[in-house]
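Please look at how the parts of this chain are arranged and how they meet. The sequence and model are shown here.

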Amino acid sequence: MQWGLIGASTIASEHVIGAIRAQPGHTIRSVMSSSATRGADYAAKHEIPESMTDLDALLSDPAIGAVYISTTNEKHFPQAMAAIAAGKHVLCEKPLAMTLADAVEMVRVAEEKGVVFATNHHLRNAGSHLAVRDLIASGRLGRILSVRVFHAVHLPAHLQGWRINDASAGGGVIPDITVHDADTVRFYLGEDPETVVARAGASGMGEGVEDSVMSAWTMPSGVMVQTHESFTHPFAGTGIEVHGSEGSVFARNVMTQRPVGEVELINGDGRHAVAFPEHDLYARSLSLFADAVAGNGRPSADGVDGVKSLAVALAVREAAQTGRAVTVDYGGL
Ligand code: NDP
């Protein structure tokens, strides 16, 4: 299958181009950038045959079967809608859209058109997170009581653009990182957060958008969830803890794009290191997407997963802005 890249982005450059090319028979045919010069440079650097500035030109190429959308967040909706209308399968970056209604529409229209539509939530593809989810599912932790997510990082200088100063492009740590944490918790527990409370603010990087947020969520089962996301913490490290009546699991340095970290189970028998596979997260995401296009199974995170992670993030932002508990609205999905 030949791919078109919509967006000459960092994430495509650092992870997704390689992950697409790791799939047997998958190649990248063209890249679309709003700048002819940047697009041409990007295409040359990544050995992509064509670059263009016109979305319709990319989408009208019948050789292209799928597109990967990794532009800034406000562009995902119109670009995905155009790609779906053109009959392309779509892997879209998170957050799917700026509003819940737009994200729901993307999913509904993709379903009507019969194309595969997926969200690039990479964390649920990590061996570490798969191992934690298996521990929960196996019952070794007993009844799950609480989850704590530590996802306060220091945004690298080369990413300190629209994320920290452009609300209209979808900047802020909530659309950037809270969506991933929402997806990971949903993936672990197989249920959707019900209500959230939150506090957000700027702690040195955000200009007109929040760069730090803490929130607490209730889950239908009664599990309590606490999360911390930030752009401004150089030494905090990341992790996730799941505490159950029979054991606790501590996964450290795992809220990351690379197959790294440690997972430890602590229970009545002592401390146990948990082994996990160290495959590339994005290559697994692309592999499942390719299988879904071939009619086998579903993408690791589909459109509904993208809607739900966005729904939680929007609720966290509303809770932080209003100071009230917010019931998460999943737009009927
Ligand atoms: P970038 O800032 O690298 O790219 C976004 C857009 O910015 C590009 O489409 C490009 O526009 C424009 N751009 C890129 N470089 C420059 C430049 N030097 N000068 C001016 N404009 C430039 O964003 P990211 O790659 O960090 O993020 C893109 C999307 O991917 C976001 O939606 C983000 O949330 C998501 N993301 C997801 C991750 C994941 O693991 N799932 C990780 C990181 C990001 P044009 O295409 O028009 O040239």
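This is a predicted model: local features need pLDDT of at least 70, side-chain atom pairs count only at pLDDT 80 or more; totals for chains, interfaces and linings use all residues.

Residues are numbered from 1 along each chain as its sequence is written, and side-chain values use heavy atoms, with hydrogens and water left out.

The chain is split into domain 1 (2–122) and domain 2 (123–283 + 310–327), with bounds from an automatic or database domain assignment. Their C-alpha centres are 26 Å apart. To the contact (heavy atoms within 4.5 Å), domain 1 contributes 20 residues and domain 2 contributes 24 residues.

The size of an interface is often given as the accessible area lost when the parts come together. Between domain 1 and domain 2 the buried area is about 1,900 Å², and carbon and sulfur atoms give 62% of this area; the value is the accessible area (1.4 Å probe) that two parts lose on being put together, summed over both. H15, H121 and H122 account for 40% of what domain 1 buries against domain 2, more than any other three residues.

One salt bridge is counted between the two domains, where the term means a side-chain nitrogen of Lys or Arg within 4 Å of a carboxyl oxygen of Asp or Glu. K94 and D176 form a salt bridge through their side chains, at 3.2 Å from N to O. K94 is also joined to P95 by a cis peptide bond, with omega about -20 degrees. P95 sits in the loop between β5 (89–92) and α5; helices (H or I, at least four residues) and strands (E, at least two) are DSSP runs, numbered from the N terminus.

From α6, H129, L130, V132, R133 and I136 meet T184, F187 and Y188 of α8.

The other backbone feature is at E47, which has a positive phi of about 55 degrees although it is not a glycine. E47 is placed in the loop between α2 (36–45) and β3 (50–52).
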